Every structure is written in C-alpha cells, then in structure tokens.
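Dear colleague,

I am handing over the structure below, and my notes on it follow directly after. Please read them with the model open beside you.

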Amino acid sequence: MSNDRVVIFDTTLRDGEQSPGASMTREEKLRIARALEMMKVDVIEAGFPIASPGDFESVKAVAEAIRDSSVCGLARALDGDIDRAGEALKGAASGRIHTFIATSPIHMQHKLRMQPEQVIEQAVHAVKRARNLIGDVEFSCEDAGRSEIDFLCRIIEAAIDAGARTINIPDTVGYAIPHQFGETVAQLIARVPNADKAIFSVHCHNDLGLAVANSLASVVKGARQVECTINGLGERAGNASLEEFVMALRTRKDLLGLDTHIDTRHIVSTSKLVSGITGFPVQPNKAIVGANAFAHESGIHQDGVLKHRETYEIMSAESVGWTTNKMVLGKHSGRAAFKSRLEELGIGFATESELNTAFANFKELADKKHEIFDEDLQALVSDTLAAKIEETYKLVCSEVCSRTGETPMARVTLNVNGEEQSVECAGDGPVDAVFKAIEKIAGSGATLSLYSVNAITKGTDSQGEVTVRLEKGGRIVNGSGADTDIIVASEKAYINALNLLCVNVERAHPQIADV
C-alpha cells in the first residue's frame, strides 16, 4: 500500500448501530453496505456476529453481497466469538476478523478482572485462532487512550507476532486530546520492534467533539487506517465522521500529503440513506452533509462566491454529491427506467414481487408529485421493505379535523389482525390526535421518545419523511413513513413502529462491544 493513502474502515453497521434506537434490519444493512461499496470504502465492519442470530445473518448477507470492499466481523478475544465471526465471513470475497480486548488498568481490573500477563496471553491466543480461519486479522486494544504506553507496546508486539496485520488504537471513551493522542501513536510505531509488519489504525469517539481532530493528528503521526461512520453515527456522542475526515484529507492534501480512495460524489446520498434508515436526522449546519453546508446568506459572502467560488468555499458542493442527483423520474417513466435508476443507486430487490410492489408505489407517488428524485426513491424503498414485516396493525383510513381556535380531532380506523377497529380522539395538534387514536386501539403502553419530520426534497410537494421512536420494556424501535401528506406519513411511521414492537427480536445488547 502506498504510504500516502489512508485506509477507510467504516463501522456504521456495527458501532453506528450501537446508537440507542439505531438497530438495522438485514435488508437495511445490505442497502447501506452497497452504498459504502459504491463509495469505495476499503473495509466495511458489518456487525458483531456473536451478538445475536440476526446480527450473524446480517454479517453473512453483507459478506456474500459485497465484492469490492473487505467485509469485517467483530469478535471479543473469545473462541466462540472468533469462530462465529469466521463462519459469518465464509462467503466474503475479502474478509477480516476484528478481535479486541481491553488494555487499560481500569478495564483490566474492574471489567476483565485479569492480570496484564493474562490479557496478553488471551490476545495472542485470539489472534492466532482468527488467523487459522482467515488471512486478514485486526487487533484492537480497547480503551487504549487510557492504557499505559509500556503495556501497549508489549501487547501490540505480541499481537503482530501472532499474525495481526492491522493494529487499532481506540480512544474508546473520547478522552484524548489531538496532540497527545497523535504522540501516543507516534511512540507506538517507534517503540514496537515489529511495527513495520502492521498498519496502525485509530478509532476515535466524539465525547469531547474531537474525534475527527484526533484521527487527523494520528495519521500525521503515522496511522494509516481510520475507523469512522457516516454522519459520525455511534453510541454516546458518536464516532469520527467519515465525510469530515475524508474531506479534510482531500481539501488539505497540500498540508497533509495524504488521501483516500473514497469516491466523494456519493457522500451526500449515503448520508441521507443512513439518516433515513436510522431515524437520526442530520443537523442543518453539519459539516459536508448538512443542508446549510454550502448555503450563503451574508450579502458579502454571496457576492464573493458569485465572483469566485473559492472566496468562501474551500470545496465544491458537487464534489460531495450535492448536485449530482439530477436523474428525475415522473409518472410517464417506465418500469425499466425505474429499475435502472435503483440499480445505479445500489438498490436491488430479492424478488420480482418486491420490485413490482415498489414500482406500484412509485406510480402512486408520481400521481401526487410531479418530479421524483433519488431521495424520494430511497424513501419509497424504505417504505416497501418496511411493509415486509408481519403487520399486526394496518391503516385503513383516517379523518383529521384541525381548525384555528378549536381542538383538533382525529378518527382513525385500523385493521388489527384482520378485524377493523375505529376510534376518535382529540389532541394538542393533528399529529397528537392521530397518535392518541392509534395508541388507544393498540394499547401498546410504549413511550414515544422521538418524533422527527424531514422534507425529503425541496418544494411544497415534497414528501415528508417521518421517524417515530418507541420504547417499551428496554426495547427501542424506529418506525418510518413517507408521504406527501405529513399526517399520513406520521400515521405510517407510528404504525410501522408498533409492528416492529410486535416482532419477537432476540438481540444481545451491542454495547457489549464498546471498542
């Protein structure tokens, strides 16, 4: 590998999924994985196979579907974890097992309850076992940011001798400061005798808002892989944002002399896909992918940009995909054009029946909306796939009345396991009224913890994409719905969330893998 190239290791499907409420289905993971592959991400960490049968199947499906990126499965330094990861990755064109163990005194003493020598012994055993299953093994020192440098040198040397070819230094709790973290990486590379036999990697959390800065400081000091996520998604305050890190390298190549293989034109579309699937909206002023990232309101700025773009823009909107989605479909577009555009977006269906359903939904939308953009198609596919789950509740019809000075009323009719039930409720607003009516029928007892509305495209005929997050008994689910009528979209989202709550899902808590 060229020494001026940084490997991009995307963990949206694993660490990103650890955000409360961000759990993804197998089909959703496949959609995101195909988008990451199209973006030319080097390594896609698809999940934690031992966590649950569902996570195992998701990693297996991604491994079998992705051909141009390496697919990685996470495993603790335990035989069962490693064997399960190896099994999930059997179908990968290029696979990697990523195994880890904690190395900080606080973790070794209070979590592992192991002596340092035992930790080294277990790490070596894990790496060797993984190497017997697959050629590419990554080893992580969990909580490296609070680990003792001498111990890190010892365990890293042993892991490389055992066969690890990527060594990851995670700032697991987001505690590091850029100059200090960069210096830690530099010392490890200088002091570990066999450091030249491995690529050094960093995985930075954003608890202090420094994940991207710490990642940049690390590559300046010799790290050549960065672990990151789309939109900076991840548990607590998230991870290093892929789009910010990649564009920092690309924009300041003059200073850093480093770059990646990422096709940046797909950044915005992938960001919107991840946001839509997880229900985590992107703030308007978010760097690179926020709606205002390339907007100028100041007259001075507008004048400067009109005269010469680079007066106030250090990169072009087109370079990250803001204006590249110009393929517009309408009601006269045929099935072939519809299917072709989905394929260009990396979207495929398992059966012709699913494609036909999606096309029928497309035609229905086209009667309401003159122009249908890529973002509309992504939302339409999400709706089509959401309908595949077993539906305990189905929306039959609704009637909402909202007048100035009067209490809004909603009458909702649901099909509940084949039987229609109707209820009328008042609410603080039309959405509150329909939610109360739906809940009165369902009697789920769930708590509404998030209600989010986003316009999918510009214009008053834009579809509204609604995310509803429900919590019950420790389970958190995200329901989504899209429609040109925001009330209908809200009803779809709430009902989708209720149906997800009805599905019996066995899933280990992903934060067991806090790398």
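This is a predicted model: local features need pLDDT of at least 70, side-chain atom pairs count only at pLDDT 80 or more; totals for chains, interfaces and linings use all residues.

The crossing of helix H8 with helix H9 is right-handed, a crossing counting as right-handed if the near helix is turned clockwise from the far one by less than a right angle, and left-handed if anticlockwise. The contact (heavy atoms within 4.5 Å) involves Val-212, Ser-215, Leu-216 and Val-219 on H8, and Glu-244, Phe-245, Ala-248 and Leu-249 on H9. By class, these residues comprise six nonpolar, one polar and one charged.

Residues are numbered from 1 along each chain as its sequence is written, and side-chain values use heavy atoms, with hydrogens and water left out.

Turning to the strands, S13 (residues 464-472) has seven of its nine residues buried, meaning under 20% relative accessible area with a 1.4 Å probe, protein chains only. S13 runs antiparallel to S12 (residues 447-455), to which eight bridges join it, and Val-453 stands opposite Val-466 of S13. Strand S14 (residues 475-483) also pairs with S13 in the antiparallel sense, over nine bridges, with Arg-475 of S14 as the bridge partner of Lys-472. Pairing here requires at least two DSSP bridges between two strands. Two residues lie between S13 and S14 in their hairpin, where Gly-473 takes a positive phi near 55°.

Best regards

Technical notes:
Buried means under 20% relative accessible area, exposed over 50%, partly exposed in between (1.4 Å probe, protein chains only). Helices (H or I, at least four residues) and strands (E, at least two) are DSSP runs, numbered from the N terminus. Ala, Val, Leu, Ile, Met, Phe, Trp, Tyr, Cys and Pro count as nonpolar, Asp, Glu, Lys and Arg as charged, and the others, Gly among them, as polar.
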